[in-house]
Amino acid sequence: MNRVDHGERLTLTHDELVEHTGYTQHVKQAAVMRKLGVPVHVRPDGSVAVVRAHLVELMRRPSAESGRDRPKVKSHGKAPTKSLSQARLALVR
């Protein structure tokens with residue numbers, strides 16, 4: 001089963017991956033997560049599996065401790081949705 005005792009899924013849902021990466025395409029989702037240093041598993045159907053605990057651990061670390069700069073994000077001309085830090089807080093809660 002893909003849930004832990006308190007009902008939270010072990011892996012991110014497709015919607016959560018879209019929220020955190022900004023992409024619906026599996027290849028681009030995987031690329032963003034890898035760039036952030038999050039381990040990614042590609043399923044046989046091509047979809048992306050990211051273990052929630054890996055992303056939560058990354059978000060709880062102070063950015064200076066991670067040893068890498070924040071990724072440079074270019075605007076794609078669309079109105080921004082939630083900021084990444086707001087999305088991170090929602091995931092950790």
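Author: Gladly. Helices here are DSSP runs of H or I, at least four residues long, numbered from the N terminus. Keep in mind that this is a predicted model.

Reader: Now the helix itself. Which residues of helix 1 are buried?

Author: First the general idea: an α-helix has 3.6 residues a turn, so residues three or four places apart point the same way. In this structure, E16, L17, H20 and T21 are the buried residues of helix 1. They line one face of the helix, because they fall within an arc of 115° when seen down its axis.

Reader: At what angle do helix 1 and helix 2 pack?

Author: The angle is about 60°, and the axes are 10 Å apart. Angles from 65 to 115 degrees would count as roughly perpendicular, so helix 1 and helix 2 are oblique to each other. The crossing is left-handed. On the helix 1 side, H14, L17, V18, H20 and T21 make the contact, and on the helix 2 side H26, Q29, V32 and M33.

Reader: And which residues of the largest nonpolar core touch the most other members?

Author: In soluble globular proteins, nonpolar side chains tend to be buried together. Here the largest nonpolar core has 13 residues, and M33, V38, V50 and L55 touch the most other members. Helix 2 (26-35) and helix 3 (52-60) each give two or more residues to this core, with helix 3 giving the most, 4 residues.

Terms used:
Residues numbered from 1 in each chain as written. Predicted model: local features only at pLDDT ≥ 70, side-chain atom pairs only at ≥ 80, totals over all residues. Heavy atoms only, no water. Core = buried A, V, L, I, M, F, W, Y, C linked by side-chain atoms within 4.5 Å. Buried < 20%, exposed > 50% of the residue type's maximum accessible area, 1.4 Å probe, protein only. Arc of directions from axis to C-beta. Axes fitted to C-alpha atoms, helices over the stretch in contact; angles between N-to-C directions. Parallel < 35°, antiparallel > 145°, perpendicular 65-115°, else oblique. Left-handed = near helix turned anticlockwise from the far one by under 90°. Contact = heavy atoms within 4.5 Å.
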